[in-house]
Every structure is written in C-alpha cells, then in structure tokens.
Amino acid sequence: MKRTIRFPRAVTAAIVLLAGLSLTTQAANSSSWVGQYRDDKFLGDRAVFQLSIEQSGNAIQVSFDAAWDDAHGAAPEAQGPATVSGNSLTFKFEDSFGNSGTGTMTRAGSDIVLTINPTHVADSRCLAFYGKNMRLKRVAK
C-alpha cells in the first residue's frame with residue numbers, strides 16, 4: 001500500500017522560500033570573490049603572479065598567469081571553471097603549456113590564500129609557479 005505524505009501549503013511555501021534564499025546567498029557569496037589578485041614579489045621577489053576571478057550569471061571563471069621578472073623560462077597562462085563551497089573557491093585549470101590541475105582559495109581578509117595542485121604535467125618549467133599557501137593581495141580597482 002502506497003503512503004502519500006501531504007504537507008500544508010504553508011510548509012510547502014516555507015520550503016520553497018528557504019531553497020530560494022539558499023541559492024541567493026550562494027550567488028551573493030560567489031560574487032564577493034570576483035576581482036583581481038596579485039603578488040608582485042612572488043618567489044622571493046623574482047616573479048609576478050596574478051589571478052582574476054570573473055562571474056557571469058552562476059558561472060565562475062578563474063584565470064591566472066605568472067612570469068619571471070627577468071623573462072627567462074616559462075610564463076604560463078591558465079584558466080578554468082570554479083565553484084564556491086563554504087568559505088573556499090575551488091577550480092580546475094589548463095595552462096598554455098598543456099599542464100592541468102586543480103586549485104583552492106580561501107580568504108585572508110580582502111586577500112586570498114591560493115594552493116595550486118598540478119595533476120598532469122606536460123612542461124615542468126611551470127611547476128615553480130604552482131604551490132601551496134600562496135598569498136595574493138586584492139588589487140584595488
């Protein structure tokens with residue numbers, strides 16, 4: 001025998017309202033990540049690393065690039081989709097040298113702390129730029 005549970009209209013309306021508020025809160029939280037972040041003294045003042053977070057609707061995109069100050073070696077550019085989960089933003093990326101991987105960001109005031117984990121290495125010259133607990137400052141508009 002099938003049993004059907006029926007909720008009063010007020011309960012159904014409350015559930016729909018709470019679900020909508022949850023989606024609105026998540027969208028608001030994700031938009032607060034949007035911006036430019038940079039470290040001009042990266043790798044002991046020998047390189048620059050910059051990262052951009054953009055959002056269009058519910059889609060979030062992370063782009064970053066890095067280069068040595070003296071222009072030697074590789075200068076990777078990368079991008080990929082991102083998602084917000086709690087107090088962190090996670091993303092996947094593929095760089096201009098064929099490397100790919102994942103990244104995670106957490107907030108540090110108005111700055112971010114970034115960890116990049118390469119999962120496929122096609123060109124190891126880029127690995128110097130991919131590490132753990134890299135602090136990037138938010139760039140003023």
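F129 is buried, with a relative accessible area of 0%, where buried means under 20% relative accessible area, exposed over 50% and partly exposed in between (1.4 Å probe, protein chains only). The model is a predicted one, in which local features need pLDDT of at least 70 and side-chain atom pairs count only at pLDDT 80 or more, while totals for chains, interfaces and linings use all residues. Residues are numbered from 1 along each chain as its sequence is written, and side-chain values use heavy atoms, with hydrogens and water left out.

F129 sits in the loop between β7 and β8. Helices (H or I, at least four residues) and strands (E, at least two) are taken as DSSP runs and numbered from the N terminus. Leaving aside residues up to four places away in sequence, F129 touches F42, L43, A47, F49, A66, A67, W68, A74, P76 and M134; contact here means heavy atoms within 4.5 Å. F129 and V48 are 81 residues apart in sequence, yet their C-alpha atoms lie 9.3 Å apart in space.

Now for the overall layout. The protein chain has two helices and eight strands, and along the sequence these follow the pattern α-β-α-β-β-β-β-β-β-β. The strands make a closed barrel of eight, running β1-β2-β3-β4-β5-β6-β7-β8 with antiparallel pairing. Neighbouring strands of this sheet are turned by 30° against each other on average, direction ignored; the axes behind that angle are lines fitted to C-alpha atoms, for helices over the stretch in contact, and angles run from 0 to 180 degrees between N-to-C directions. Two strands count as paired if DSSP finds at least two bridges between them. Strands of a sheet pair through backbone hydrogen bonds, either parallel or antiparallel.

Going through some of the pairs, strand β3 (residues 59-68) meets strand β4 (residues 77-85) in the antiparallel sense over six bridges, and Q61 stands opposite P81 in β4. On to the next strand: β4 is joined to β5 (residues 88-95) by six bridges, again antiparallel, with D95 in β5 as the bridge partner of A78. β4 and β5 form a hairpin with two residues between them, and G86 in the turn has a positive phi of about 65°. Strand β1 (residues 35-41) and strand β8 (residues 134-138) are antiparallel too, joined by two bridges. Within that pair, Y37 has R138 in β8 as its bridge partner.

Next come the charged pairs. The structure holds four salt bridges, a salt bridge being a side-chain nitrogen of Lys or Arg within 4 Å of a carboxyl oxygen of Asp or Glu. D111 forms one with R135, the closest N and O atoms being 3.4 Å apart. This pair links distant parts of the chain, as D111 belongs to strand β7 (residues 111-120) and R135 to strand β8, 24 residues apart. D111 is buried at a relative accessible area of 11%, whereas R135 counts as partly exposed at 45% relative accessibility. D111 also forms a salt bridge with K137, with 3.9 Å between the closest N and O atoms. Here too distant parts of the chain are linked, D111 in strand β7 and K137 in strand β8 being 26 residues apart. K137 counts as exposed, at 52% relative accessibility. Together, D111, R135 and K137 are linked in a network of salt bridges.

Another salt bridge joins R125 to D123, with the closest N and O atoms 2.9 Å apart. In this pair R125 counts as partly exposed, at 46% relative accessibility, and D123 is buried, with a relative accessible area of 16%.

Some totals round out the picture. Of the 141 residues of the protein chain, 32% count as buried. The chain exposes about 9000 Å², of which carbon and sulfur atoms supply 54%; accessible areas come from the Shrake-Rupley method with a 1.4 Å probe, and for residues only the protein chains shown count as cover. Among contacts with a separation of 6 or more, 36% are between residues 24 or more positions apart.

As for confidence, the mean pLDDT of the protein chain is 86, and 77% of its residues reach 70 or more; pLDDT is the predictor's confidence in each residue, from 0 to 100.
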